[in-house]
There are 2 protein chains.
Amino acid sequence: MNIQPKRSSLIPETVTTGPLTGSRKVYYTPPSHPDIQVPFREIDITDPNEEKLRVYDASGPYTETDIGVDLSKGLKKIRKPWLERRGFSAYAGRTVKDEDNGGVTEDKLVPACPANTQPLSGEAAKYVTQYEFARAGLITEEMIYVAHRENLGRERMLGCALEKIADGESFGADIPAFVTPEFVRDEIARGRAIIPANINHQELEPMIIGRNFLVKVNSNIGNSAVTSSVAEEVEKMVWSIRWGADTVMDLSTGRNIHNIRDWIIRNSPVPIGTVPIYQALEKVGGDPLKLDWEVFKDTLIEQAEQGVDYFTIHAGVRLKYVPLTAKRVTGIVSRGGSIMARWCLAGHRESFLYERFDEICDIMRKYDVSFSLGDGLRPGSIADANDAAQFGELETLGELTKVAWEKGCQVMIEGPGHVPMHKIKVNMEKQLKECHETPFYTLGPLTTDIAPGYDHITSGIGAAMIGWFGTAMLCYVTPKEHLGLPDRDDVKTGVITYRIAAHAADLAKGHPAAQLRDDAMSRARFSFRWEDQFNIGLDPDTARAYHDETLPKDAHKVAHFCSMCGPKFCSMKITQDLRVEAAAMLENEKAVLEGMAEKSREFLDQGGQLYVKQ
Amino acid sequence: MNIQPKRSSLIPETVTTGPLTGSRKVYYTPPSHPDIQVPFREIDITDPNEEKLRVYDASGPYTETDIGVDLSKGLKKIRKPWLERRGFSAYAGRTVKDEDNGGVTEDKLVPACPANTQPLSGEAAKYVTQYEFARAGLITEEMIYVAHRENLGRERMLGCALEKIADGESFGADIPAFVTPEFVRDEIARGRAIIPANINHQELEPMIIGRNFLVKVNSNIGNSAVTSSVAEEVEKMVWSIRWGADTVMDLSTGRNIHNIRDWIIRNSPVPIGTVPIYQALEKVGGDPLKLDWEVFKDTLIEQAEQGVDYFTIHAGVRLKYVPLTAKRVTGIVSRGGSIMARWCLAGHRESFLYERFDEICDIMRKYDVSFSLGDGLRPGSIADANDAAQFGELETLGELTKVAWEKGCQVMIEGPGHVPMHKIKVNMEKQLKECHETPFYTLGPLTTDIAPGYDHITSGIGAAMIGWFGTAMLCYVTPKEHLGLPDRDDVKTGVITYRIAAHAADLAKGHPAAQLRDDAMSRARFSFRWEDQFNIGLDPDTARAYHDETLPKDAHKVAHFCSMCGPKFCSMKITQDLRVEAAAMLENEKAVLEGMAEKSREFLDQGGQLYVKQ
């Protein structure tokens with residue numbers, strides 16, 4: 001292929017690049033697999049006695065130092081050698097139609113991304129999906145890759161029993177002390193985890209979603225009929241992953257929908273998810289009643305060939321559940337759910353997504369597109385949480401999970417939504433039971449409806465809790481939820497809020513190495529290493545800027561006090577002085593620091609005079 | 001008294017006033033008590049079929065329409081007639097000393113607030129504290145006042161059993177369907193709730209803190225040695241309560257500390273809390289080793305006469321616990337705790353706060369200053385959560401609670417801090433057990449340490465959870481925590497985040513009327529009443545501004561779509577269409593809406609053809 005990029009303002013020229021402050025990208029190559037390079041971010045620590053801190057890094061090559069980005073070329077196809085070894089065949093693929101881009105006029109048409117190549121497709125007789133390989137007992141490169149990613153910081157755990165190395169309450173999850181490729185394979189084979197990885201998304205850096213792995217975060221991007229452009233959308237993807245999104249859903253509903261998706265996928269190192277019914281609806285002029293299997297099927301193939309890694313399919317919105325929503329305060333709030341409900345009710349007919357589910361599976365298996373079985377009947381308000389419509393649909397999703405597995409597909413399940421705190425846990429328990437432990441992927445949930453403008457927070461609370469209870473991936477909510485389209489700042493705020501929720505969940509579940517970063521931060525705090533505190537945090541720039549607002553001088557970045565208390569009054573300083581003082585009294589500081597806890601026990605036992613002057 | 005205000009730039013000229021957008025202040029006067037006016041905020045609803053929405057309102061007279069504020073006169077002393085009936089005697093009071101204001105030079109001295117009057121004090125032979133009245137079976141005006149405040153929206157509950165009117169999980173709390181003054185009295189008498197109300201804070205609008213009442217929020221203000229002025233501090237108080245703070249702690253450690261506090265209290269409708277050891281330390285030049293009982297006692301009397309409503313007293317930091325902190329990652333992070341630890345260890349002596357606790361009680365009882373027994377050994381990091389030092393101190397606080405009750409004082413207990421999610425619940429359980437159900441008042445807790453700049457969120461997660469489990473008041477954390485002093489925006493963000501946490505907790509506990517506001521919001525959402533959505537929320541201005549960013553036109557405020565999906569694609573619009581369509585089919589919309597759920601059951605039972613064309 002040798003497509004010349006047609007330069008115009010419609011093409012994204014550049015995106016945000018370069019390392020996060022105080023850190024750099026590093027890659028680890030397992031000696032046995034020279035064509036696997038696992039990315040991490042290494043944060044500088046100013047204390048020479050401490051090691052640099054490695055953290056999980058989903059940001060892709062964009063955070064390399066001095067990276068030259070050419071979006072028209074796309075990212076390097078790191079999966080190419082792996083997929084070549086599996087022997088898929090390339091073919092001409094479906095011809096792009098005008099309707100794929102919403103019938104946009106020539107002057108407003110975003111050109112196709114020149115990095116496009118002919119699509120691959122799997123055959124019936126060969127293993128295609130990660131699920132099929134796993135069931136056959138075969139470990140793929142993707143499985144090895146994610147094992148190394150997940151293992152970060154756990155080297156020290158080798159040979160230890162889990163209960164000795166981490167405390168936590170995992171609610172029955174089977175978190176291992178050390179993640180082996182075989183463990184990854186087994187989890188995928190059991191349907192408890194997925195690696196969303198379309199064989200046409202060769203640029204992908206594989207990641208895993210499952211209850212026994214680190215909790216992941218999804219961010220949503222996408223233009224709408226009201227606003228947005230291709231440049232914005234590609235940058236939103238890059239910006240999302242810079243701050244920690246593990247997957248990105250493209251929820252575009254406007255013009256140029258096909259070609260914008262091209263640019264996003266060719267430049268995305270993370271899995272891209274979509275809701276194909278959105279584009280199908282565009283193709284029929286926005287009228288749900290004009291939807292049919294043919295246009296939907298054509299859209300699935302179109303997007304699968306492009307390399308979309310997971311599809312939200314609202315096949316659980318069955319005719320029988322629709323009347324259950326009539327008395328709800330907020331009815332049906334899922335766009336896909338309401339489209340299908342209208343379709344079903346208008347013709348008194350069963351959903352074609354449900355009736356054609358076998359055929360959908362066959363298409364998705366061919367490219368290893370993972371299912372994200374949509375919760376089209378999720379509650380849209382506290383009042384509607386956990387009702388019969390929601391839980392009825394969940395049962396159907398469990399039934400469909402088994403069908404998809406039978407067909408060789410990977411599956412996760414979408415969940416709510418709006419749920420008060422005391423009703424969150426039963427959502428997780430019911431999902432595990434009804435859907436056979438396949439990964440749960442929830443939107444929040446929002447724990448109250450009274451704070452528009454702050455729904456990243458109302459939902460961050462619910463997200464942290466449901467993540468702790470077992471949800472494998474959290475779909476972010478931005479401050480603009482219910483009000484408008486998120487801009488750059490909103491996307492960042494949403495992603496960081498959800499990284500907090502995911503990490504709080506990892507800590508509470510007892511992931512063996514989760515606390516390493518908290519501990520590094522705490523040591524930096526106690527030693528007044530301000531630069532380290534900024535850099536260890538999720539957002540070094542904001543932390544530094546906040547510190548500068550009160551104490552702007554560089555000297556304050558090494559000061560042994562902060563603006564809250566000022567130089568005379570710092571509790572940590574006093575504690576340090578206290579340690580020194582205690583040490584001086586006993587004429588041996590080291591002995592004090594190491595022996596204090598023990599001596600304290602003696603002291604308590606004897607009710608006595610520990611600190612007698614010598 | 002006839003003090004002429006000495007006008008200078010040191011005096012606060014004005015503060016933020018006026019109603020929140022779309023609402024106004026209303027007062028309710030119980031027919032039997034004409035000198036009680038209970039404040040609420042009434043939010044406009046544009047749908048003529050809906051009632052205006054009343055919400056709890058701690059913002060004081062500042063949010064009245066066309067209020068004229070003269071800070072030098074202070075607020076109206078609404079408790080004056082109540083207190084006069086109790087027959088307290090006024091006296092000259094302690095003479096203000098130079099050291100009370102940090103020995104500031106004349107040109108920088110903030111003048112005393114002209115609204116000051118002679119202090120009242122209680123006598124040994126008369127009831128002074130709310131606890132004493134409650135134990136004697138007497139209902140005070142303050143108790144009647146808070147009963148009406150707490151009862152908002154519960155009128156419809158009269159005569160209903162709680163389990164019928166609210167679902168929730170209260171973890172053993174005894175939340176009543178309807179709050180009577182007698183219930184309030186009983187809760188105070190049992191030590192399960194407090195009304196912080198110094199008899200010298202007559203401007204106070206009483207509020208109650210207890211597990212069986214709505215969860216409250218505290219905000220912190222206060223200057224430091226590094227920065228801040230009196231004008232800023234008074235405005236921070238007014239600004240905090242505007243957005244929903246129920247109490248305010250003045251944590252000043254800088255100059256003019258006495259006179260700034262004057263201005264704050266004379267103009268505060270909410271309880272003001274302080275940490276007297278901070279000022280005592282200032283008086284001895286900042287050296288903890290120079291502290292003694294005399295300077296501390298003098299400070300207690302000074303602040304009690306001014307009208308401080310609750311004191312944080314770190315009397316649980318006993319000598320024996322100090323060595324338990326030596327191996328911690330972050331040592332002692334409470335300022336009060338570290339001061340006392342140093343004092344204890346340096347002289348190998350028991351804390352004078354512990355040893356003189358009886359005398360502290362006698363002083364605090366005299367003015368009805370409530371105890372907030374400080375957690376000087378709270379953890380400062382995830383690594384240090386729930387350790388022996390923290391829980392040892394908690395046991396001592398339980399012991400001191402009984403002493404304070406014996407002396408007639410009201411008591412609450414401060415709690416952590418930094419705690420991962422799985423270790424939060426045991427904090428609440430242990431506090432209830434060790435401290436005899438006296439109210440818990442926690443700082444967050446932060447559920448991870450890795451997000452400086454976002455600690456309102458890391459802690460908002462923990463605050464919502466511990467509030468649900470039973471914490472009565474949540475001390476806010478702002479985005480500047482660990483980094484710098486909060487400015488106006490940070491204070492607002494902190495307060496609103498904590499209002500979200502408190503409300504999420506109220507919902508989950510099953511407070512009977514808590515969901516009314518969520519439901520009003522949800523109905524506004526489903527009817528596309530955009531103005532109502534903004535105004536019902538915690539922050540109408542931000543919600544409106546966010547909506548304007550994408551759809552600025554006034555017409556869009558009545559549009560039946562939003563920017564997320566655009567006009568063609570709205571799920572709520574589709575649901576509404578769906579309802580109409582279903583109705584048309586059955587030729588009777590009302591029958592459909594009311595009968596749908598039932599018909600759905602029939603449909604499910606019969607596996608049948610519900611929507612057969614007629």
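Colleague: How much area do chain A and chain B bury between them?
Modeller: This is a predicted model. In it, 127 residues of chain A are in contact with 128 residues of chain B. Carbon and sulfur atoms carry 69% of the area buried between the chains. The total comes to about 10900 Å².

Colleague: What rotation superposes chain A on chain B?
Modeller: The superposition gives an RMSD of 0.0 Å. The shift along the axis is 0.0 Å. The rotation is 180 degrees.

Colleague: How are the two copies thus related?
Modeller: Chain A goes onto chain B by a rotation of 180 degrees, with 0.0 Å of shift along its axis. The two copies are therefore related as by a two-fold rotation axis.

Colleague: In chain A, which residue has the C-alpha nearest the axis?
Modeller: The C-alpha in question lies 2.3 Å from the axis. It belongs to Ile461(A).

Colleague: What share of the contact residues of chain A recur in chain B?
Modeller: A 180 degree rotation superposes the copies. The same surface serves both of them. The share that recurs is 100%.

Colleague: How many salt bridges does the rule find across the interface of chain A and chain B?
Modeller: One salt bridge joins the side chains of Lys423(B) and Asp167(A), at 2.7 Å from N to O. Polar contacts across the interface are counted separately, with 16 residue pairs at pLDDT 80 or more. For salt bridges, the count is 6.

Colleague: Which side chain makes a polar contact with the side chain of His482(B)?
Modeller: His482(B) sits in the loop between strand S15 (473-475) and helix H16 (488-509) of chain B. Its C-alpha is 6.8 Å from that of Pro452(B), 30 residues apart along the chain. The polar contact of the His482(B) side chain spans 3.4 Å and reaches into chain A, to Arg525(A).

Colleague: Is His482(B) buried or exposed?
Modeller: The cut-off for buried is under 20% relative accessible area. His482(B) has 13%, so this residue is buried.

Colleague: What distance does H10 of chain A reach from its first C-alpha to its last?
Modeller: The helix has 13 residues. At 1.5 Å a residue, 18 Å is expected. The model is close to that, at 19 Å.

Colleague: Which residue caps the N-terminal end of H10(A)?
Modeller: A side-chain oxygen lies 3.4 Å from the backbone nitrogen of Gly336(A). After the helix comes His348(A), with a positive phi near 50 degrees. The N-terminal cap is Ser334(A).

Colleague: Which residue takes a positive phi just after H12(B)?
Modeller: Helix H12 of chain B spans residues 357-367. Among its buried residues are Phe357(B), Met364(B) and Tyr367(B). The phi just after the helix is about 55 degrees, and the residue is Asp368(B).

Colleague: Which side chain does a polar contact join to that of Glu150(A)?
Modeller: Glu150(A) lies in helix H3 (residues 141-150) of chain A. At 2% relative accessibility, Glu150(A) counts as buried. Beyond its neighbours within four places in sequence, its contacts include Tyr56(A), Val179(A) and Phe213(A). The polar contact is 2.7 Å, and the partner is Lys216(A).

Definitions and conventions: Residues numbered from 1 in each chain as written. Chains lettered and ligands numbered in written order. Predicted model: local features only at pLDDT ≥ 70, side-chain atom pairs only at ≥ 80, totals over all residues. Heavy atoms only, no water. Least-squares fit on C-alpha atoms with pLDDT ≥ 70 in both. Contact = heavy atoms within 4.5 Å. Helix = DSSP H or I, 4+ residues; strand = E, 2+ residues; numbered from the N terminus. Expected span 1.5 Å × (residues − 1). Polar contact = N/O pair within 3.5 Å; in protein donor to acceptor, adjacent residues only side chain to side chain. Buried area = accessible area lost by both parts, 1.4 Å probe. Salt bridge = Lys/Arg side-chain N within 4 Å of Asp/Glu carboxyl O. Buried < 20%, exposed > 50% of the residue type's maximum accessible area, 1.4 Å probe, protein only.
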